[in-house]
Amino acid sequence: MFQISTAPDQVWEVDYRATDAIMLNGQPLAWDVVDLGEGRFHVLYEGRSYNAEVVEIDHATKNIVLKLNGQRVALAAKDRFDLLLERLGMSNAAAAKVNELKAPMPGLIVDIRVTPGQAVQKGDPLLVLEAMKMENILKAPADGTVGSLKVNLRDNVQKGQVLVQFA
């Protein structure tokens, strides 16, 4: 089951596991869908015709952007796990903003690959930390902007020490 919303006051329960039909808010969804290819569909629902096109899908956040008869519609989906986390008060845990990068182990900073104010994407290399004669590339944990560097080249750092502060 999914919960689909286009706004806080527009929420639908969709059960796609039903054997005969998709259920929408507990009622069978009576629609006719024709796949036109390349993310385009023709939909008949309650006597009305709709042209639908999938513009964008973000599988990680379960956000979908459609064009329905030329108008953009943003949908947010929540599966049963998302709903459970929400009920437990943990819905924002995954979306928490990363404010800093800390040293995962003691070592020596042998390369700095970013500067303050630089925009970085998740996975971009930030620093190189040498520990036990091995070089470890420390990467950006999320998209963001480097606010400040808390270390200099050739600094010895301790485990847990803040290395990079994000803006």
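These questions and answers walk through a predicted model of one protein chain.

Me: What makes up the protein chain, in helices and strands?
Reply: The protein chain has one helix and 17 strands.

Me: Why is the protein chain called more spread out than a compact globule?
Reply: Set its radius of gyration against the globule rule. The radius of gyration is 23 Å. For 167 residues the rule gives 15 Å. The value is well over that, so the chain is more spread out than a compact globule. Along the principal axes, the C-alpha trace spans about 70 × 35 × 30 Å.

Me: How much of the protein chain counts as buried?
Reply: Of the 167 residues, 21% count as buried. The chain exposes about 11500 Å², and carbon and sulfur atoms supply 53% of that area.

Me: Why is Asp-79 said to form a salt bridge with Lys-62?
Reply: The closest N and O atoms of Asp-79 and Lys-62 are 3.6 Å apart. The cut-off is 4 Å, from a Lys or Arg side-chain nitrogen to an Asp or Glu carboxyl oxygen. The value is within the cut-off, so the pair counts as a salt bridge. By this rule the count comes to five salt bridges.

Me: Where do Asp-79 and Lys-62 sit in the chain?
Reply: Asp-79 is in the loop between strand 9 (71-78) and helix 1 (80-87). Lys-62 is in the loop between strand 7 (48-58) and strand 8 (63-68). The two are 17 residues apart, and the pair links distant parts of the chain.

Me: Is Asp-79 buried or exposed, and how do you know?
Reply: Asp-79 has 16% relative accessibility. Buried means under 20%, so Asp-79 counts as buried.

Me: Why is Lys-62 put in another class?
Reply: Lys-62 has a relative accessible area of 23%. The buried class is under 20% and the exposed class is over 50%. Lys-62 falls in between, so Lys-62 is partly exposed.

Me: What makes Asp-82 a salt-bridge partner of Lys-62?
Reply: The closest N and O atoms of Asp-82 and Lys-62 are 3.0 Å apart. Asp-82 lies in helix 1 and Lys-62 in the loop between strand 7 and strand 8, so the pair ties together parts that are 20 residues apart in sequence. Asp-82 counts as partly exposed, at 23% relative accessibility. Lys-62, Asp-79 and Asp-82 are linked in a network of salt bridges.

Me: How do you know that Glu-100 and Lys-102 form a salt bridge?
Reply: Their side chains meet at 3.6 Å, N to O. The limit is 4 Å, so the pair qualifies. Glu-100 is partly exposed at 29%. Lys-102 is partly exposed too, at 45%.

Me: Why are strand 4 and strand 5 said to stand at the edges of their sheet?
Reply: The open sheet of nine strands has the order 4-3-2-1-9-8-7-6-5, with antiparallel pairing. Strand 4 (27-28) and strand 5 (31-37) each have a single partner strand, so one side of each is left without a neighbour in the sheet.

Me: What makes strand 5 and strand 6 a pair?
Reply: At least two bridges are needed. Strand 5 and strand 6 (residues 40-45) have six, so they pair, in the antiparallel sense. In strand 6, Tyr-45 is the bridge partner of Trp-31.

Definitions and conventions
Residues numbered from 1 in each chain as written. Predicted model: local features only at pLDDT ≥ 70, side-chain atom pairs only at ≥ 80, totals over all residues. Heavy atoms only, no water. Helix = DSSP H or I, 4+ residues; strand = E, 2+ residues; numbered from the N terminus. Buried < 20%, exposed > 50% of the residue type's maximum accessible area, 1.4 Å probe, protein only. Rg over C-alpha atoms; globule rule 2.2 N^0.38 Å. Areas by Shrake-Rupley, 256 points an atom, 1.4 Å probe, with all protein chains shown as cover.
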